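Welcome! Here is a short tour of the structure shown below, with a stop at the ligand and another at a pair of helices.

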Amino acid sequence: MSSSFAITEYLDAKTINQQLDELIKMPIYTIKAEALKRYETEYFDKKCAKSKEMIGKAKEIIPGGVQHNLAFNHPFPLVFTKAEGAYLYDIDGNRYFDFLQAGGPTVLGSNPPSVREKVINLLNNGSPSTGLFHEYEYKLAKKICDSMPSVEMFRMFNSGTEACMAAIRVARLATGKKNIIKMGGAYHGWSDQLAYGIRIPGSKWTQAHGVPRFIFRHVQEFFPNDLNDLERKLKINKLKGGTAAVLIEPVGPESGTWPLDYDFNKNVEYLCRKYDALLIFDEVVTGFRIGMSGAQGYFDVSPDLTVFGKTIAGGYPGAGGLGGKKEVMKYLAAGIQTGDKVKKALVGGTMAATPISCVAGYYTLEEIERTNACERAGRMGDLLVKGLKELIKKYNLPFVAFNQGSICHLETVGTMHFSINWKKPWTIPSVIKETSIRKKEMEHMGAAYMAEGLVTLAGSRLYTSAAYDEDMINEALKCFDRVFANVGIKE
Ligand SMILES: Cc1ncc(COP(=O)(O)O)c(C=O)c1O
């Protein structure tokens with residue numbers, strides 16, 4: 001088991017959260033209106049003409065013109081034709097530094113030849129799918145079990161969303177309890193029940209448009225980094241049938257956008273044991289990005305269930321899985337099994353665990369381990385954030401930059417740091433309004449980054465990969481410098 005991690009020094013969550021508290025009290029600093037206009041006319045209209053034309057047509061038949069929530073871009077989404085290593089190329093031939101990295105799965109960088117060759121070999125000599133067992137299903141499951149001590153068994157799904165659905169279903173079946181407590185603001189995919197308390201801690205069902213409210217009868221949220229709040233909820237639940245599981249993103253909601261104290265995870269584990277609830281780690285982002293043993297290895301925690309996604313298929317389709325202790329995973333056995341006389345959770349997926357996902361995933365994990373890719377990607381994250389902090393200082397901006405290894409955050413408006421207090425219901429509309437105004441400015445910043453050759457995740461998150469080197473990071477920082485030079489208080 002590899003013990004190297006992407007995080008060299010754990011962040012000071014208290015200080016960063018204070019800085020974020022300050023940021024959201026400040027006026028909005030964003031790209032100046034005349035600079036945005038210049039980017040729109042000089043870059044997007046002139047240099048992205050083919051994208052503009054295609055998206056114009058796509059809007060007629062695809063709602064919003066794009067299929068991925070993260071592909072949205074002001075003033076219009078761009079059409080990308082190639083992702084290679086640390087670069088992206090659009091249909092007009094422009095090149096970008098890729099800090100989206102497909103939304104997180106490509107720790108090695110995009111489309112590494114070492115994995116691609118294995119996938120091509122599979123397609124030439126086998127088949128992308130059979131619906132039956134393939135040797136790489138075993139190999140990938142074994143690799144994952146060998147990497148994470150808490151994972152004794154593993155079952156693959158199509159996505160992180162599906163794996164999170166399976167996790168809470170299994171937890172309820174295994175414990176005979178109904179209540180699930182999640183961390184406010186955290187994203188665990190878009191299934192009905194887990195659309196609770198997303199983006200804004202305390203927001204309950206308010207962001208879950210299209211989901212009937214009764215669905216959330218047995219889902220609760222607690223405030224990020226707030227152990228007292230979690231314990232209070234566990235205590236109340238104890239009087240009402242108990243808690244099936246506590247579900248958390250171990251670096252904090254929205255991939256660590258709201259950072260957590262170092263000992264937070266260990267304390268959550270303690271509370272789960274004390275109140276007899278299962279602990280579920282959602283390692284969709286952190287698994288094989290923070291290290292081969294995941295965030296659980298880094299924080300020295302042994303969750304009962306671990307949700308996987310993204311990196312376990314190395315940027316190929318079919319990236320989802322659930323792993324955990326045998327006594328819980330037995331509720332997931334496929335088909336009719338002899339031995340375990342337990343009811344089985346209803347799960348499935350025609351295209352889950354295809355040979356293509358398993359071959360890509362297996363060789364991705366092998367290569368990550370062989371090349372210490374998590375550590376290298378993390379070092380690149382450190383360099384990027386160090387440079388961003390220097391630029392923030394240079395231009396005297398209220399922005400906050402921090403990272404958990406290769407998961408980097410550049411908060412310019414602090415949209416994700418608002419929360420909702422139901423004891424003061426009259427404040428709720430203003431929080432929702434303020435976050436949407438700030439989100440718009442985050443999109444404007446995202447457009448400016450794009451025009452300077454930087455693709456980010458929604459203008460505020462940046463994933464680094466092992467395909468970066470120091471020169472590339474320095475080059476990327478020059479692009480950020482050009483954007484920051486045109487930032488001022490929103491008029
Ligand atoms: C922490 C976390 N859990 C679950 C998911 C859902 O995964 P998927 O997009 O594969 O459904 C995501 C997606 O970004 C995520 O970040």
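In this model, the side chain of Lys310 places an N or O atom 2.9 Å from an oxygen atom of the ligand. Such a polar contact is a pair of N or O atoms within 3.5 Å. The table puts this pair beside two others.

| Residue | Part of the residue | Ligand atom | Distance |
|---|---|---|---|
| Lys310 | side chain | oxygen | 2.9 Å |
| Thr161 | side chain | oxygen | 2.5 Å |
| Tyr187 | backbone | nitrogen | 3.3 Å |

Among the residues around the ligand are also Ser159, His188, Glu249 and Asp282; each has a heavy atom within 4 Å of the ligand.

A word on the basis: this is a predicted model, where local features need pLDDT of at least 70 and side-chain atom pairs count only at pLDDT 80 or more, while totals for chains, interfaces and linings use all residues. Residues are numbered from 1 along each chain as its sequence is written, and side-chain values use heavy atoms, leaving out hydrogens and water.

Now to the helices (DSSP runs of H or I, at least four residues). The axes of α13 (residues 373–394) and α15 (residues 470–484) come within 10 Å and cross at roughly 25°. That makes α13 roughly parallel to α15, a term for angles under 35 degrees. Residues in contact (heavy atoms within 4.5 Å) include Met380 and Leu383 in α13, and Ile473 and Phe480 in α15.

Finally, a cis peptide bond, with omega about -5°, links His74 to Pro75. Pro75 sits in the loop between α3 (49–61) and β2 (80–84), where β marks a strand (E, at least two residues).

How values were computed
Axes are lines fitted to C-alpha atoms, for helices over the stretch in contact, and angles run from 0 to 180 degrees between N-to-C directions. Angles under 35 degrees count as roughly parallel, over 145 as roughly antiparallel, 65 to 115 as roughly perpendicular and the rest as oblique. A polar contact is a pair of N or O atoms within 3.5 Å; within protein, one must be able to donate a hydrogen and the other to accept it, and residues adjacent in sequence count only if both atoms are side-chain atoms.
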